[in-house]
Every structure is written in structure tokens, then in C-alpha cells.
There are 2 protein chains.
Amino acid sequence: MLDEERLDWLRLIRSDNVGPRTFRSLVNHYGGARAALEVLPELARRGGASRIRVCPRADAERELEATRRLGVQLVTSFEATYPQRLAAIDDAPPLVALRGDLAVFSRPIVAIVGSRNASAAGQKFAERLARDLGDAGFAIASGLARGIDAAAHRASVASGTIAVLAGGHDRIYPPEHAGLLDALLANGTAIAEMPLGWEPRARDFPRRNRIISGLALGVVIVEAARRSGSLITARFALEQGREVFAVPGSPLDPRAEGTNDLLKQGATLVTEAADVLTVLQPIMGRQYAPAARDPDQPQQTDEPDRDARSRILALLGPAPVSLDDLVRLSGSTAAIVRTVLLELELAGRLERRGGTVALAAGPQDGR
Amino acid sequence: MLDEERLDWLRLIRSDNVGPRTFRSLVNHYGGARAALEVLPELARRGGASRIRVCPRADAERELEATRRLGVQLVTSFEATYPQRLAAIDDAPPLVALRGDLAVFSRPIVAIVGSRNASAAGQKFAERLARDLGDAGFAIASGLARGIDAAAHRASVASGTIAVLAGGHDRIYPPEHAGLLDALLANGTAIAEMPLGWEPRARDFPRRNRIISGLALGVVIVEAARRSGSLITARFALEQGREVFAVPGSPLDPRAEGTNDLLKQGATLVTEAADVLTVLQPIMGRQYAPAARDPDQPQQTDEPDRDARSRILALLGPAPVSLDDLVRLSGSTAAIVRTVLLELELAGRLERRGGTVALAAGPQDGR
């Protein structure tokens, strides 16, 4: 990929209201990042926003330069060095910032995650499991958090481990794990979706978790309370078709409530590395179909007229509605409906949840 | 049932080399306990034993009288007060000695068993589960052992619990649970297969465990090391078509190794009473077909001649062989093979394992 193209990709994903899914829609719809950048302000205006911040070329150039100085590579999802399995998920980051030894991505990856306030037994078990799976040839992905995550990384520093960051590469969280991160870069990698200088906020962690599961063949949850971040990772894993493993614990231990729930829902019970290997080794060599990388077909730009736009907007509200229903009820083509939704999304007025859309609850630009 | 018949049943089951399965074969084969008692010495002689001890009438009378003095009822498997589900297992005791409030058998029964050296958490969980299942209308069966068993009984003294003894009613093990046993008799029952005065030996406990699972719709294993008695109960439960439940625990806790193994093998994971109720409530009302009570059809007494007996004996050795193979290889009828096997069994020379038979390893009477 040319540096010029990489710059366009970076500008597009760093522009307001452009997430991984919108990015893909735009590029597919307009045939490339450059063309999408050009129509962005007009699309947002039609969607109801008075203005949209398009990432300036100079900012993107500065980011590229700064990442290079830090020894970080910005890799697009079309490049061979982009992690193969991650590219196959629906909302794969268009670009990831990678640091360390990228050879780790050529190995099968298993994620090990769990409670920040893990028990000593939980941490000991995570270490044992990470070491044994490392010895069996797996790279270990986790979130660099306190507790289980750190234990899993520590035990796989030598064999190869991947730390998935919620913020930028220069904003390590928690700060006391900066040393662990440095140590793991010799045989492993740190990966970030967010730009340099990005301080991770609470909502960045669940978003980050989809990358942990997306990288891996399967996710092992070692200890997890109910409603914890680890269970979000497990849910992502299910949605992405990854294997879900859980470590059992006493019913009287709140840190085992989440994992025991997962087991009741059908997760594979893990008490030793062999339980993971038995499930993952048969699927290790399986290739993901390249088609999964790009499910939307490039389509004709169907320009919605003012009437169509009004009809579709009138059908939307705070309750989620499916694309199929919108097409049927509006009498427009799917292409037109998609265009109107894209405009609303760029204006920050649309929320996507699963296969449905709804008007965003927050304050909106007036029309 | 007439007292006279009960006496014959008691004499037959208390005679040497007559276990529950042999008892049933004999009664089916000879049309009743009285007839079986008469042929017993001759059958054993043909099987190769120089003599067999047939329980004298006076001994059986003394046992009946002693049990009555202790407030214990001897109930045969043909009587209505015999526990319904227990009667349906292959090797149901022909007679059980019951003490306490027999009304408990009219309720659905769930067994809760586990380690003798249970953790405090395990005992606490067993108590909670027994109390909640008791509140839900279940009687709780267990083995009166230290640890999990005692916790399960204690928590269900008020709602109704069943202690299954490995020895006689006057030989309570462990002795310090005599008080617990007295307490539970007000709303519950103690059940024993062995005669009064019988001191439980190591091998009586596994044998007793088939009664715990046989009484119940399902068995919950709370804590269990590998190769523990609780796992024997779980295996019996599977063989008897009972539901098997297991409580998860940390992979680093040896007391959870057995239960975690059961979960890997498909046992239902239990962290609260609702997990048990969800499975058992739909099957609570299901009746066992009376046919299951007596799968062998009464058959013609096919008397084997000396040649047939020699041919069949020659086919037997320490390695297990199936009845089908014996019939095929000996050229005899199934009825003749069964008769020869019965003779050998009564002579103490045969071991049955599952559907196969083998010559017993121990010292034998000369021919």
C-alpha cells in the first residue's frame, strides 16, 4: 500500500463519527478512502449535522511520523502483516498500530482474560495455563490489566504474548505495567486501535475487548464476576465465532459467578491446557474465507431524493428497527436506505446495535 | 405379604453367595423363595462348592424379632412401602430395613453427596442446597458420612432427609453421627440393606452408594477428589439413568477434581438449587414402568447335563466373557447357560461385571 493511501485511510478513520463499520461502508460505497473523504462533509450535512470534523492531512502526517519515531507500525487491514483472524471480524479496525515482534501473529493465538482483582489461585492458574499453552506453540493475547491479564502475559513473555491496549501506545494503562509491556515486546507485540496520545476512557475497554477475542481462535475466561469486562470479551468471542472456555470456581466465590454462568451456557470447562488444546488444535489450520473480510459488495451510488430521506427518517426512532423493515416500509431500495443511514451516522444521529439501527439518544445538530 | 413369605425372603437373601441379582434369578427360576431355598445346597454343590450355608429359619426369626424391637421394618421389594424408584434398579435389595417416618418416600428425592474431608465452603454450600431443595419439596438422601453428607442431612432434618447406612441399624458409622441420625428420624428415614449387627466394612460403602442414587431422581456431587466414593455414586447414578449434577470448584483445589471431571463428562453444573429444579421438576411425576422391576421372564428349568456343565465351565476364565458368547460357543441354550452360571455363583466361583461373567479370583472350594 502506498503511503499516500495509508494517509487517506488514517484521515478517514480519524474523522468524526467514522467507526470501523462506517469506514467500511464508505470505502465500499465510494470506491476508496480518498473519494469518501471528499463526500464526507456533504453526507454529514444531509444527515442533519451542520458540520463534521474531517481529519486534516497534516494531523494524519504528524500521527504517522510520531508512530514511526516510537517504533510503531500503522498497518491497514489490506496488508499481509495485519493479524489474519482479526481482519475477519465485522468491525475490524481499518488500521492497527503494532509494536514489537510481529512474527507472533503467524502463530495460533489464544486469549486469556479475567478479573482485575483476581485471587492468588486464579493468577497462579492463569500463569500455569499461559505457560502450558505457550509451550504448546500458542501466542497468548490479553488486555494488560491487573490480575489475570498480567499473570497470563508474564507467564508467556518468553514464548510470545500480545497486549491489546485500550488507549494509544504512549498511554499505557495501568501505568505500573509499562515494565511488563517493555519485557513482552522482545518476543511479542502490543496492538492499539486508538491514536497516540489517546488516554483510555471507560468505554474504550469493551471496544478493545473485541480485538482480544478477534485476534484469537478462542478465549479462556479465568475468573470473572457477573457483569464484568471479561464477560464482554466472551460475548464478542461468541459473536465472532470464536471458542469460549471458562475456568470453574466455587459457587460461593463471587469471582467465579461469571465463569460458572458461562459454563452453564455451554462454554468449555478448563482445568488444564489439554482442555483448550483438544478443542483448538483441530481448527488451528482452518483458513478464514477472504470473502468474510468484505461482505458488502461495492454498489451503485443511489442518491436519495429529499422525499426518500424524509420517509426513512420518519421511520426511525429510539427503538431499534431492522434494515429490512426500513426498506419494506419506506418503499426505497436497500441502496438508498443504506445511504441515508450512512449520512445519519456521520451526523452522529444514528446508533447501530447488532443488525438494527435507532436514532441516537444524545444531543444532535439541528437541521 | 405373609410373615411366612417374608421369612423365606429373609432366609434366601441372608444365605451365602446370594446377592440381589442372584436372589432375583433364583426366585424367577424356581418360582419363589421357598422353592429356591430348597434347591440351594444342590445348586451350590453342582457349581463346585462342597457346602453352602443356608440361613436357618431360627436366625431369620431372630432378625425379624430384633428389628421389630428396634422399631425397624423389614420391607420387601414387592410391598407398597418399599421406595418406588429403588425398586426399579437392577440390583435392588430384595429387603430393606427402614426406620423413622416412611412418608418421606412419597416425596421426590434428590441425593447430595461429597467429600468426607470437605472444605468449609463446600459444607456451607451443601447446607444451602439441601435447605433450598428441601423448601422446594424434595427429600434429601445421603450417606451420613462426615463432611458433605452430614451437612446435607443437617440442613434437611426439618424438611425430611434419608440416611442410607452401609451397616446395620445398630452399627451407625461414624459413631458421632448417632445424634444426627436420631434427630433426622422424626421427619425422615434411615435405610439399611445389611442385617442388624453388621459392622460396615470398606466394601460395603460402594455397595451402599447404589442405594443412595437408586432412591433419587438425581445425585448432586458437591466436592469430590478423583477416585473417591462420591464418584462411585455418580457412576451408579448414570448406570441407573439418574440425573448427575456436580458443583464446580477451582482447578487448583484437589477436592474439586472429581466434580470438575464430572462436568467435563456432561454432568449438569450446579451453583444453586434452581439448576437442580430446572432438570428434575419436568421428570418428577414420571412413573417407572413396573416391567423394569422384573426384566427376567420366569423360565423353564432347563437342567444342564454333566457335559454341558463341563463345556460351559471350560469356556470361563479370569477374563470376562458375555452370556451371548457362552451360549454361542457352548452350543447350549441360554436357559442352560444361565443355570450353570447360577450354580457357579452360589458356589462363590463366579463374578459378574456389567453384562459379563468371569471365574472368581479368590480361593475356591474344591470340586
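This is a predicted model: local features need pLDDT of at least 70, side-chain atom pairs count only at pLDDT 80 or more; totals for chains, interfaces and linings use all residues.
Strands β11(A) and β12(A), the latter covering residues 356-359 of chain A, run antiparallel and are joined by four bridges; strands here are DSSP E runs of at least two residues and helices are H or I runs of at least four, numbered from the N terminus, and two strands pair if DSSP finds at least two bridges between them. Residues are numbered from 1 along each chain as its sequence is written, chains are lettered from A and ligands numbered from 1 in the order in which they are written, and side-chain values use heavy atoms, with hydrogens and water left out.

Within this pair, Leu350(A) has Leu359(A) of β12(A) as its bridge partner. Helix α15 of chain A, residues 334-346, packs on the sheet and touches both β11 and β12 of chain A, where contact means heavy atoms within 4.5 Å. The direction of α15(A) makes about 110° with that of β11(A), the axes being lines fitted to C-alpha atoms, for helices over the stretch in contact, with angles from 0 to 180 degrees between N-to-C directions. The sheet itself is open, with three strands in the order β10-β12-β11 of chain A and antiparallel pairing, and its edge strands are β10 (321-322) and β11 (350-353), each of which pairs on one side only.

Elsewhere in chain A, strand β2 (residues 95-100) is joined by four bridges to the antiparallel strand β1 (residues 73-76), with Val75(A) and Val96(A) as bridge partners. β2(A) also pairs in the antiparallel sense with β6(A), residues 189-192, over four bridges, and there Gly100(A) stands opposite Thr189(A).

Turning to helix α10 of chain A (residues 229-239), we find Ser230(A). Is Ser230(A) buried or exposed? Ser230(A) counts as buried because its relative accessibility is 8%, buried meaning under 20% relative accessible area, exposed over 50%, and partly exposed in between, with a 1.4 Å probe and protein chains only. Leaving out residues up to four places away in sequence, Ser230(A) touches Val113(A), Gly114(A), Ser115(A), Ile221(A), Glu223(A) and Ala224(A).

Finally, in chain B, Ile162(B) is in contact with residues including Val104(B), Phe105(B), Ile191(B) and Leu215(B), when neighbours within four places in sequence are set aside.
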